[in-house]
Amino acid sequence: MDNASHSAGNHHPEPGFWRRYVFSVDHKVIGVQYGLTALVFLFIGYGLMALMRWQLAYPGKPIPIFGQLLLSVLGPDMAEKGIMSPDLYNSFGAMHGTIMVFLAIVPLAVGAFGNYLVPLQIGAPDMAFPKLNMMSYWVYFVGGVVMLVSFFIPGGAAKSGWTSYSPLATVADPAHHIDGQTLWLIGMVFLITSSLLGSVNIITTIIQLRAKGMGWMRLPFLVWAQLVTAFILLLAFPPLEAAGVLQLCDNLLGSSFFLPTGLVVGGKPLEVSGGGSPLLWQHLFWFLAHPEVYVLILPAMGIVAEVLANNTRKRLFGYKSLVYSAAAIGFISFLVWAHHMYLTGMGTKISTFFQTTTMLISIPSVIILTTLMLTLWGGSIRFNTPMLFALAFLPMFGIGGLTGLPLGFSATDIQLHDTYYVIAHFHYVVAPGTIFALFAGIYYWYPKVTGRMMNEFWGKVHFALSLVFMNLVFMPMFVQGLEGMHRRMYDGGATYAAGPDVAYGLSLALKLNVGISHAAWLLGAAQLPFVINFFWSLFRGQKVESDNPWQATTLEWATPTPPPHGNFLEEPVVYRGPYEYTPAKPGVDFVPQHCQQQPA
Amino acid sequence: MQATAHSMTIPHTVEPRPDTGLYNAKLGVWLFLASEVMLFGALFSSYILLRVGAPEWPQRQLSIPLGTLNTFVLILSSISVVMAWMALKGRDFARFKLWQGTTVLLAVLFITIKGFEYHDKFTHYYVQTQDGRALTGHLDGDPFNLSLARLRASPSPPKEIVFHPDPPRAGHTEAANAHGEALKLELSQITKLEAFGPWRGTFFAVYFVLTGLHALHVIGGIIVLGYFWGPGSRMWRTEPERFTNRVEVGGLYWHFVELVWIFLFPTLYLL
């Protein structure tokens, strides 16, 4: 390439509004698009659950205010007299999971933070394939629209759980040929395509576009986490795509991939050729969906690592252990999927294998958590809002991880399988775990994106209330689950607990439903300070005085605020590791990665 | 006003990065193909699991001569796709046009043959009658993808249909009839009538999904390789290196599509 084409970029006319903010190929704009869209879906996912919580706390009573809305929008089949119907409850349950995992958390963790930060942190002008990057966002957008549209078609959205187990998913809505499940599958094909484009892009960018001097062991841990995550997305999603295609054939073309011989539905034998295997769906689904758990948690760990290092003002403890553990998690995550299937009758030998691999994967997870905690040791900690969220991540993820062990053992899982214990366990990992880390990330990088700080006081209010209500929502669910409360009951187990032989404990556990629901609604209210702070700070927030307001070491802070298209004013060259928080000269306790001078 | 970055050019779009030895698109396509391996791997695994669990598995349901012919078509295209890239490396654009065009034509030929095979399946019928006969064969006039429900729902449903049973053949367990003579079957006597589509059983479901997905990949290849042959080849005049890379990446994808067929042919046609 000659000089003429190098400088050509500077002579381009300024792109218009559409090319700049809507169909932009700039990784930062795409990252922000991903982030805002994902936050909207986070709100929708929460809203579905908030309505379900009414039905659980007050079964069979009309939902105040929103009940009438549901009735007028979805009709009396779904919400007669404003009461949530069982079908609607099932739809909301399935779509809460789908939206939260595939449309909210992953796009926020990978689409937003990955897109925005990876090129900046490795010193690249953009992603390796900017047009694919734009396509990835718009394909995700279409997938989200398809999912939302499915609420309004006859029969309503998919209602067989976010796991869409066959044959239930195929026979759940026999009255409609194109039903919610069909749209779910089509939507998933879009989301999988989007994630494929995104992961190819992130991996290629990290391998090919690292700045001069940015060796593998000089990468910020967030970049490592995004790299492993992208590999998981790249290799684990296709089997779900295969499964989705097969289920689509079952639903539309009359094939029997997942429909066994002799299936009777509604008292009548189903007219299909049979010979399929319901277990096959579960294998293909969990082959994605367990690695997906690490897609949810690894970027969160990466964000927490960045925030911790910056606010303890010292290096991460055991950077290499962190990197190797993340890679180990990536590998082992492909070998644990069937621990979701202990109760399917697949056999004790297979259960033993997956029980062993499941215990193995807890080792690198514990190493990561331990190194992050040891990073705190001896640090001069700054308790700002991002740091508070990052600090809370550690015990919250710890609770989520440790309560997973009894689920990973095939014997104890017999009692706990499909109870509220499971719900409590994985929500501790994802909600006060990952979502807290994502909040930390939003507060931490907000000044880089907008040039203004978010308000500290309201940030701390947001943090304190969220922490309290998160725990009030999910901690009681452990109790409910240990009492044997099943996770998918429409009335939260009220009819079951009214039976003659029900243990005293279960009826007590049932009473917790009311408290949990109120905590869940208050948790929603606790996000108001965040939402207001987020938009208020955009215009009225305190302006940053330097490009590096947190006095951080990584490369994204070496760019102007906000970074221009192309990112860096001069070609970044990296001279040191990512977290050199050492006294450099009086009053300065850090040396950025691109600084050549040795600390005095 | 915003500051301007020192460069907006993304490195290594043409020249390889020294420490990896790859340009971006080449790494990108390898990663894409890795994900494709997982996609087809999952489908092959499903095939194995379903076949192992099946009490019996229909064999020799497909035309081996046509399958073999298609295999040769794809093998030939794997040669021409490399020749096209080598022509560009030798700076011979006319020869590139020739070989790339050959590849696209071979791909179209493959899809055409595949289309005939599909058509054969949708005009081949399975019929069950009330007296317990189960027959396979063809209907008079070779109608496409008829079913009992569709036949009955038609404006003037026929009283009887003329059915030409298949001659008995080794491996064809379903053909219970001894003669190849035409039969007249009363519509009211028929309990089941369906073409050999994916609903016919797990084998046909697997066959249509695997070959259908592969055919979509071939069509994708026709579009991409055809674009490089046609309008996309203008890049040769402005950025010959980059264009050569594009053709190489398209070729890598095409080799993967052939490789999938090399697995599909024996598993579906021969085994």
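## Surroundings of B:Asn245

Leaving out residues up to four places away in sequence, B:Asn245 touches B:Val14, B:Tyr23 and B:Ala25, where contact means that the C-beta atoms, placed from the backbone, lie within 7 Å. This is a predicted model, in which local features need pLDDT of at least 70 and side-chain atom pairs count only at pLDDT 80 or more, while totals for chains, interfaces and linings use all residues. Residues are numbered from 1 along each chain as its sequence is written, and chains are lettered from A in the order in which they are written.

B:Asn245 belongs to helix α7 (residues 240-270) of chain B; helices are DSSP runs of H or I with at least four residues, numbered from the N terminus. B:Asn245 counts as buried because 21 other C-beta atoms lie within 10 Å, the cut-off being 20 or more. Between B:Asn245 and B:Ala25, 220 residues apart along the chain, the C-alpha separation is 8.0 Å.

## Domains of chain B

Chain B is split into domain 1 (24-121 + 201-270) and domain 2 (125-195), with bounds from an automatic or database domain assignment. The C-alpha centres of these two domains of chain B are 36 Å apart.

## Domains of chain A

In chain A, domain 1 covers 26-212 and domain 2 covers 551-600. Their C-alpha centres lie 38 Å apart.

Contact between these domains of chain A involves 10 residues of domain 1 and 12 residues of domain 2. On the domain 1 side, helix α6 (residues 86-122) of chain A supplies the largest share, 4 residues. The residues of that side divide into 5 nonpolar, 2 polar and 3 charged; Ala, Val, Leu, Ile, Met, Phe, Trp, Tyr, Cys and Pro count as nonpolar, Asp, Glu, Lys and Arg as charged, and the others, including Gly, as polar.

Definitions and conventions: Contact = placed C-beta atoms within 7 Å. Helix = DSSP H or I, 4+ residues; strand = E, 2+ residues; numbered from the N terminus. Buried ≥ 20, exposed ≤ 12 C-beta atoms within 10 Å, placed from the backbone.
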